[in-house]
Amino acid sequence: MCGIFGMIGNSAVGQTLTALKRLEYRGYDSAGIAVKTGNEISIYKQAGRMEQLQAIVPNGLDSTTVIGHTRWATHGEVSTANAHPFFSFNKRFAIVHNGIIENYQSLKNELTLRGISFASQTDSETVAHLVEANYKDDVFEAVKITAKSLEGSFAIVITDTVDGNLYAIKNKSPLVVGVDGQNVYFCSDIRCLSQYAAKVAQTPDNTIVVAEKNGKVTFYDFDGNTLPVKFFEPDKTEDFVHVDGDFMLKEILEVPEKIRRSKRGYFESGGLNLSAKVVHRIKRIYFIGCGTAYNSGLQVASSAREMLDIDVVPVIASEFIYDRYPVDSDTLAFFISQSGETADTIRAAEKVASMGGITYAVTNTQTSTLRYLCNRVKNIYADGEYAVASTKAYNCQLITLTLLINDIAYLKGSIDEVTHTKIIDSVDSLSIAIETVLNCGYSISKIADEIKDSSSVFFLGRTRDYPTAEEGSLKLKEISYIHSEAYPAGELKHGTLALMEEGVTVVAIATDSALIDKMASSIAEVKARGARVICVSPYSFEDVTSIKVPVVNRYLFGALSVVPLQLLAYYVAKRLGRDVDKPRNLAKSVTVE
Ligand code: M6R
């Protein structure tokens, strides 16, 4: 899960560096470029952020053929030696790679036996040497043989010192091709590429792409047969904005507007888009995703259980792939993914498709791999989300999934028209309620001051508040590095209560009036052991710090009560001096299993 970029065209060094900065959210362990000048390739690469790379690229350096990379380390430590691009052994070729070469060890052994030595610990370097080892007198032939020998997930761009073409090999990792006059581009991310190219195309799996100096682009299968791939005009309306400050805060503040947009987009794009006949057949629904996307499925599953009289199961994608969850033609599986490129979620979707289930992508990236894999797709309309910690996408996933479940329940006859309409109308009042919570940013930042030195933070909730607890906990730990966990409040007394002591903070989410007494008991139990308690609720609890939230429709509460937790995580991380947009060890888009 790295970012790759390659281009043939004017000012290629400057354009590649700008693109890599935009792709940095995909990995920021190291960055590098390979620049072709005359019959030579020069590589500049550096461990650390783009600023470190920019510092070593000579002023005025330019070229018409450049490839570049931002890395999220998988094989090999974070170091300059392991940074991409990699040269082949005689420096004839240089490559960048996103993905994992699963059979790299056996390929590396073969190359080593032939006397080729490696400069890095990565799987990717193998590809560079293979291309040169396979080269006789035809680069395309060498690329073809190399492509056929690789197993795993890969988007690779290869530059050649001699012909000046760029070659790409693609399987399972994202690769978008763009053209604009005689300029040709390769990129991991369509949003980034749409800023450069007039037309773009998604590269299918098992494809080789050849980009020539005259702007000609040809797609081939691994046997060398040409493939018809369609170019389309990308959405250029969404500029990659520069923000003064952090993307995360900007993205939290956008939540009310994006929720309205999500609702509008849902109806403008045809609503559920499943026929009544199909809906009546559905006997089982899965909500599948990872991290925040999984939490949104967990949340909506709780509403779906109330609204529908069928099996509803939220599952973590990486578990779904290797466990034995039943799937048949009456199974509907929602695949939730902001990026639409998460490898675990994609593998799970492939599995459901192969077992004959109905696959439904809920994504923020309309032209993602997941979208092309699923029978149906719904955009959540959150627009570009760049902070690694997902915020507005979560709220928009909740809205979109709730509208989908609402429509399914209505078509199935398990809710009446009044309830159906009420849920739709309530999205507007939800946006207003969220605006009032956002206005409390200052008091939430003061609470952050109080809890920033906690040894641990536990998030508690019951039923629909438990998924919110999970999401609040994930947000806090990923950007502040404070240990945190979420529990169904009633479960605490079965073991975890042993951890309650002074220095521990408990965040209790209590939005269900029917469960207030039960939550009050859990709060009393942890307070009695010395923990500090913060409560997110429309109701009052004695002697605890409260973040008040308004009352909204029961099925939409999760999209509101998570907002103070997003802000709390943000302010705690800021107080601790963390890089909130690019937390350590993480990347925005996890395209490896
Ligand atoms: O792009 P996706 O929604 O598929 O990403 C899934 C997770 O990797 C993502 O939500 C991750 O958990 C975020 N860092 C959470 O803030």
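**Charged pairs and a helix contact**

Author: Happy to! In this predicted model, R347 is buried, its relative accessible area being 13%. That value falls below the 20% limit for "buried". The partner of R347 in a salt bridge is E350, and their closest N and O atoms are 3.0 Å apart. E350 is partly exposed, with 27% relative accessibility.

As background, side chains of opposite charge can pair when their charged atoms come close.

K475 and E478 form a salt bridge, with 3.4 Å between the closest N and O atoms. Helix α17 (residues 465-480) holds both of them, again three residues apart, about one turn of the helix. Here K475 and E478 are both buried.

Now for a pair that reaches further along the chain. R260 and E435 meet through their side chains in a salt bridge of 2.9 Å, N to O. Because R260 sits in helix α8 (residues 255-268) and E435 in helix α15 (residues 417-438), the pair ties together parts that are 175 residues apart in sequence. R260 has a relative accessible area of 33% and is partly exposed. E435, at 30% relative accessibility, is partly exposed as well.

Salt bridges can also link up: K21, E24, E51 and K582 form a network of them. In total, the structure holds 29 salt bridges.

For contrast, let's turn to a helix pair. Helix α10 (residues 291-307) and helix α14 (residues 392-412) have axes that come within 9 Å and cross at roughly 30°. That angle lies under the 35-degree limit, so α10 and α14 are roughly parallel to each other. The crossing of α10 past α14 is right-handed. On the α10 side, the contact is made by T292, A293, N295, S296, G297, Q299, V300, A304 and M307. From α14 come Y394, Q397, L398, L401, T402, I405, N406 and A409. Sorted by class, this contact of α10 with α14 has nine nonpolar residues, eight polar ones and no charged ones.

Conventions
Residues numbered from 1 in each chain as written. Predicted model: local features only at pLDDT ≥ 70, side-chain atom pairs only at ≥ 80, totals over all residues. Heavy atoms only, no water. Axes fitted to C-alpha atoms, helices over the stretch in contact; angles between N-to-C directions. Helix = DSSP H or I, 4+ residues; strand = E, 2+ residues; numbered from the N terminus. Parallel < 35°, antiparallel > 145°, perpendicular 65-115°, else oblique. Left-handed = near helix turned anticlockwise from the far one by under 90°. Contact = heavy atoms within 4.5 Å. Nonpolar A, V, L, I, M, F, W, Y, C, P; charged D, E, K, R; others polar. Salt bridge = Lys/Arg side-chain N within 4 Å of Asp/Glu carboxyl O. Buried < 20%, exposed > 50% of the residue type's maximum accessible area, 1.4 Å probe, protein only.
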